[in-house]
Amino acid sequence: MKENKIWDLLIDLEKTVDLKFLQNQIQNQIQDIKEEALLVDDQQIATESWVAQSILQVHLQYRQAFDYLIKKEYYKAWCELERIEIEFHNLKRHFDTKSNNYGLYKIEKGLRNLQILYPYKIFLSVEILKKKKKCSVCDKEISIRKPCGHLVGEIYDGEMCHRIVTDAEVLGTALVQDPGNKFSVMFIVDEKTGIQKDHYNYYPLEYLFNIINDPYGNWDLEISERFVKESDFKCGRNDKCECGSGLKFKKCCLKTIGNSYPHYVFLFPKDIIQI
């Protein structure tokens, strides 16, 4: 059966090292199965093909994000992780991603942990008025009073239905902590050169990627809240602060006593590493 053939193509995704093989050969084989199914109007196989293509896309994006993190290209990796989150959102409507089939459970756990380790806290949110939009399936312009009958998120002829905005107006912007669009990270700009600078501290990610090098490696993360105590420091009030700022302790980290900070515990098969 063609349905079985589709899933057979996905069995060894975690073990396949050759990315070109994933991107070309497997992708093309799934697309061929979908096109054959559409010739006989087999919507079930066409939908299964869409699911398989989405699973393959998640793997490709996760590997790309991992590669960016190894290269310390943190914002690029963040954007790739956001694309994976969107892909998971669409996929969950049609497939149980919580099962450990095809490595999705491992990727979803890694996605969550990596996003937590990022220092991004404030995002730019844009309020947009969508004046006109059309259906991706039938290309018909739609409105509340003139629906086309196709449902957003459902699969038709092997493609997921969505709305294409053809006319929009920006109404305003705001700074938020939990945006719908996580791509809009706030960066500072050098006043003299006008060049954007990445001012964030990525130490937890740097630390982690000095240890791991396998996208599908077995690791996990636990987070707790701890508080800065005076006993955490060995220097006197008038000594130079231990953090290396060059300031006296009383004018530097002494002021942080009582503040809370996240405590990360990395869990590996045989080790527990805390930072």
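1. Strand S1 gives the nonpolar surface patch its largest share, 3 residues. Before going on, a word on the ground rules: this is a predicted model, where local features need pLDDT of at least 70 and side-chain atom pairs count only at pLDDT 80 or more, while totals for chains, interfaces and linings use all residues. Residues are numbered from 1 along each chain as its sequence is written, and side-chain values use heavy atoms, with hydrogens and water left out. Helices (H or I, at least four residues) and strands (E, at least two) are DSSP runs, numbered from the N terminus.

2. Back to the patch. Its members are Ile122, Leu124, Val126, Ile128, Val170, Leu175 and Met186, and together they have about 570 Å² of accessible area. Two or more residues come from each of strand S1 (123–135) and S5. A patch here takes residues with over 30% relative accessible area and no salt bridge; nonpolar side chains (Val, Leu, Ile, Met, Phe, Trp, Tyr) are joined within 5 Å, and like charges within 9 Å. The areas come from the Shrake-Rupley method with a 1.4 Å probe, and for residues only the protein chains shown count as cover.

3. Leu124 is a handy member to look at. It sits in strand S1 and is partly exposed, with a relative accessible area of 32%. On this scale buried means under 20% relative accessible area, exposed over 50%, and partly exposed in between (1.4 Å probe, protein chains only).

4. Contact means heavy atoms within 4.5 Å. You will find Ser184 in the loop between strand S5 (163–176) and strand S6 (188–189), where it counts as buried at 16% relative accessibility. A polar atom of the Ser184 side chain also lies 3.1 Å from the backbone oxygen of Asn181.

5. Phe123 leads on to the aromatic residues. One aromatic cluster is formed by Tyr74, Tyr75, Trp78, Tyr118, Tyr120, Phe123, Phe187, Tyr200 and Tyr202. Rings of Phe, Tyr and Trp (its six-membered ring) pair if their centres lie within 6.5 Å; planes under 30 degrees apart count as stacked, over 60 as edge-to-face and the rest as tilted. The count by this rule is 21 aromatic pairs. In one of them, Phe95 and Tyr102 have ring centres 6.3 Å apart and planes at 40 degrees, so the pair is tilted. Phe95 and Tyr102 are both buried.

6. How are the rings of Phe233 and Phe249 placed? Their centres are 5.0 Å apart and their planes stand at 50 degrees, so this pair is tilted. Phe233 and Phe249 are 16 residues apart, each in the loop between strand S8 (220–227) and strand S9 (260–267). Phe233 is buried, and Phe249 is too.

7. Now the charges. Side chains of opposite charge can pair when their charged atoms come close. With a salt bridge taken as a side-chain nitrogen of Lys or Arg within 4 Å of a carboxyl oxygen of Asp or Glu, the structure holds 12. One joins Lys106 and Glu14 at 3.3 Å, N to O. That pair links distant parts of the chain, 92 residues apart: Lys106 is in helix H5 (residues 104–117), and Glu14 is in the loop between helix H1 (2–8) and helix H2 (19–39). Lys106 is partly exposed at 28%, as Glu14 is at 31%.

8. Glu108 and Lys92 form another salt bridge, with the closest N and O atoms 2.6 Å apart. Glu108 lies in helix H5 and Lys92 in the loop between helix H4 (74–91) and H5, 16 residues apart. Is Glu108 buried or exposed? Glu108 is buried, with a relative accessible area of 13%, whereas Lys92 is partly exposed at 40%. Lys98 joins Lys92 and Glu108 in a network of salt bridges.

9. Last, Ser49 in helix H3 (residues 43–70), which counts as buried at 0% relative accessibility. Beyond its neighbours within four places in sequence, Ser49 is in contact with Ile6, Ile30, Ile33 and Lys34. Ser49 and Ile6 are 43 residues apart in sequence, yet 6.8 Å apart in space, C-alpha to C-alpha.

Notes
Polar contact = N/O pair within 3.5 Å; in protein donor to acceptor, adjacent residues only side chain to side chain.
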